[in-house]
Amino acid sequence: MGHFTTSDGVSLVYRDSGGEGFPLVMLHGWGQTQEMFRHQATGLAPARRVITLDFRGHGLSDKPHHGYRIARFAADVLQLVDHLGLDRFDALGWSMGTSVWWSFIDQYGTGRIRRFVAVDQPAAVAAVPWMSAEQRQQSGAIFDVATLVALGAELAGPRGEQAREEFVRGMFSGDPEPELLSFVAEQNRLTPAYAAVPLLFDHCAQDWRDVLPRIDVPALVVGCDGSHVHPSSQEYVAHRIPGARLHVFPVTEANSHFPFLENPPAFNAVVGAFLAAEEN
């Protein structure tokens with residue numbers, strides 16, 4: 001475990017498995033932590049040098065009262081890879097972590113990224129009024145702007161903890177293992193509402209559809225039949241990224257937004273095979 005200080009004075013905690021493997025930088029989702037990838041830090045190493053990060057406001061990192069925007073998070077990631085001296089690396093994002101990579105690519109390009117893995121993130125989370133019905137379906141929008149605003153108000157209000165637990169529970173289909181659900185909820189509680197609410201609004205207000213065709217490195221898009229993110233949105237993302245591959249986990253293998261926690265061997269096999277295939 002290590003830490004570094006960003007250009008605006010925030011201390012961020014990361015883990016680096018070290019070793020000789022090619023670096024893989026993995027970014028977690030909204031309100032979660034790098035602990036989401038506890039099975040990948042070991043399961044993908046030592047073939048890979050696995051690097052994870054607690055975003056600002058999350059996990060063990062500082063929780064300042066500023067900087068809760070996707071663009072700032074992308075700048076933090078740039079400063080992380082600079083701090084580690086990574087000229088080239090593979091990039092994996094899950095949920096909001098994918099959006100952070102899309103912002104990174106939008107601002108800084110793909111010159112340092114060798115391969116890219118996007119896990120279960122719609123191209124646009126909130127449907128805006130100027131989207132057609134077809135565009136809303138393609139983008140994978142989960143709710144409209146009014147619902148997003150109402151959710152933010154609930155999360156920031158007196159029943160915020162309950163609203164957050166309900167929101168996280170909605171990311172699982174069926175009956176998840178109690179220990180798994182408890183672990184995810186526990187990690188989510190580490191992000192205070194003053195960080196979680198503005199970040200969620202900024203994250204959901206983004207539309208990355210115009211970035212996807214500009215991703216010019218080998219890419220893998222991962223979806224899950226049991227997730228609240230509809231697999232058709234992942235098909236759209238894969239179609240928009242030139243030459244991207246698509247893998248959708250059936251409910252028999254994973255039944256939520258968290259396939260890397262539900263079925264680590266299957267997830268690690270899919271990601272590991274993609275990362276290794278390009279080396280041959």
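Buried here means under 20% relative accessible area. The legends below describe a predicted model.

**View 1. Cysteines C204 and C224 in the predicted model.** C224 has 1% relative accessibility and therefore counts as buried. C204, at 2% relative accessibility, is likewise counted as buried. The sulfur of C204 has its closest cysteine sulfur in C224, 19 Å away, which is too far for a bond. C224 is in no disulfide, its nearest cysteine sulfur being that of C204. With a disulfide taken as two cysteine sulfur atoms within 2.5 Å, the count is 0.

**View 2. Helix α2, residues 70-83.** The end C-alpha atoms of α2 lie 20 Å apart, in agreement with the 20 Å that its 14 residues should span at 1.5 Å a residue. The helix is mostly covered, with 10 of 14 residues buried. Those buried are I70, R72, F73, A74, A75, D76, V77, L78, L80 and V81. G85 follows α2 and has a positive phi, near 70 degrees.

**View 3. Crossing of helices α2 and α3.** The axes of α2 (residues 70-83) and α3 (residues 96-108) come within 8 Å of each other and cross at roughly 75 degrees. Because angles of 65 to 115 degrees count as roughly perpendicular, α2 is roughly perpendicular to α3. On the α2 side, the contact is made by I70, A71, F73, A74, A75, V77 and L78. On the α3 side, M96, S99, V100, W101, S103, F104, Q107 and Y108 take part. By class, the contact of α2 with α3 comprises 12 nonpolar and 3 polar residues, with no charged residues.

Conventions: Residues are numbered from 1 along each chain as its sequence is written. This is a predicted model: local features need pLDDT of at least 70, side-chain atom pairs count only at pLDDT 80 or more; totals for chains, interfaces and linings use all residues. Side-chain values use heavy atoms; hydrogens and water are left out. Axes are lines fitted to C-alpha atoms, for helices over the stretch in contact, and angles run from 0 to 180 degrees between N-to-C directions. Helices (H or I, at least four residues) and strands (E, at least two) are DSSP runs, numbered from the N terminus. Angles under 35 degrees count as roughly parallel, over 145 as roughly antiparallel, 65 to 115 as roughly perpendicular and the rest as oblique. Contact means heavy atoms within 4.5 Å. Ala, Val, Leu, Ile, Met, Phe, Trp, Tyr, Cys and Pro count as nonpolar, Asp, Glu, Lys and Arg as charged, and the others, Gly among them, as polar. Buried means under 20% relative accessible area, exposed over 50%, partly exposed in between (1.4 Å probe, protein chains only). The expected span of a helix is 1.5 Å times one less than its number of residues.
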